[in-house]
Amino acid sequence: MDNQHLYQTEVEWTGERHGELRAPALPKLNVDAPPEFKGHEGVWTPEHLFVASVNSCFMTTFLAIAENSKLDVVKFNAAAEGKLEKVDGQGLMITQITLRPKLIVKNTHDAERALRIFEKAEKHCLIANSIRTETTLEPQVNCEA
């Protein structure tokens, strides 16, 4: 594996605060400022994309570690919430992201191991490791029954 990978995006202004976000071989996304900053409802915002990048990175990291650990995952989903606030001397910042993963495993004896894998995934999520925002984990593990 190479030590370096490049990921490219391009955004083109399409009027008001709207833009079209593109990347090679990916679907286009319409982006806008959030309504509280004179944007429009129903459009992806940088704030949503920021929180989503941490959430989706956590998911893929967790699933990779779970697969390597032979954890029998039945179902996984994770909600994420980012807190935007004004920080003295820095302006607006997303200061905290709370990840709330929910997992269903096949066997009761895997629940404790799943919690350890959640913690490991939080520690190794490359997006969370690349930002200043504090991330917290509130996991829930249930067994298929």
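Is Lys 38 buried or exposed, and at what relative accessibility? Lys 38 counts as exposed, because its relative accessibility is 64%, over the 50% cut-off. The model is predicted.

## Positive phi in two loops

Lys 38 lies in the loop between strand E3 (29-31) and H1. Its phi is positive, about 70 degrees, although Lys 38 is not a glycine.

Glu 16 sits in the loop between strand E1 (10-15) and strand E2 (18-22). Phi of Glu 16 is near 50 degrees, again a positive value in a residue other than glycine. Glu 16 counts as exposed, at 60% relative accessibility. Most residues other than glycine have a negative phi.

## The largest nonpolar core

The largest nonpolar core holds 23 residues. Phe 58, Phe 62, Leu 71, Leu 103, Phe 118 and Val 141 touch the most other members. Helix H1 (46-68), strand E5 (91-105) and helix H2 (111-124) each supply at least two residues. H1 gives the most, with seven. In soluble globular proteins, nonpolar side chains tend to be buried together.

Take Leu 71. Leaving aside neighbours within four places in sequence, Leu 71 contacts Phe 62, Ala 66, Leu 103, Val 105, Asp 110, Arg 113, Ala 114 and Ile 117.

## Packing of H1 and H2

H1 and H2 pack at an angle of about 130 degrees, with their axes 9 Å apart. H1 is therefore oblique to H2. The crossing is right-handed.

H1 makes the contact through Phe 58, Thr 61, Phe 62, Ile 65 and Ala 66. H2 brings Ala 114, Ile 117, Phe 118, Lys 120, Ala 121, Glu 122 and His 124. Eight of the contact residues are nonpolar, two polar and two charged.

Key: Residues are numbered from 1 along each chain as its sequence is written. This is a predicted model: local features need pLDDT of at least 70, side-chain atom pairs count only at pLDDT 80 or more; totals for chains, interfaces and linings use all residues. Side-chain values use heavy atoms; hydrogens and water are left out. A nonpolar core is a set of buried Ala, Val, Leu, Ile, Met, Phe, Trp, Tyr and Cys residues joined through side-chain atoms within 4.5 Å. Buried means under 20% relative accessible area, exposed over 50%, partly exposed in between (1.4 Å probe, protein chains only). Helices (H or I, at least four residues) and strands (E, at least two) are DSSP runs, numbered from the N terminus. Contact means heavy atoms within 4.5 Å. Axes are lines fitted to C-alpha atoms, for helices over the stretch in contact, and angles run from 0 to 180 degrees between N-to-C directions. Angles under 35 degrees count as roughly parallel, over 145 as roughly antiparallel, 65 to 115 as roughly perpendicular and the rest as oblique. A crossing is left-handed if the near helix is turned anticlockwise from the far one by less than a right angle, and right-handed if clockwise. Ala, Val, Leu, Ile, Met, Phe, Trp, Tyr, Cys and Pro count as nonpolar, Asp, Glu, Lys and Arg as charged, and the others, Gly among them, as polar.
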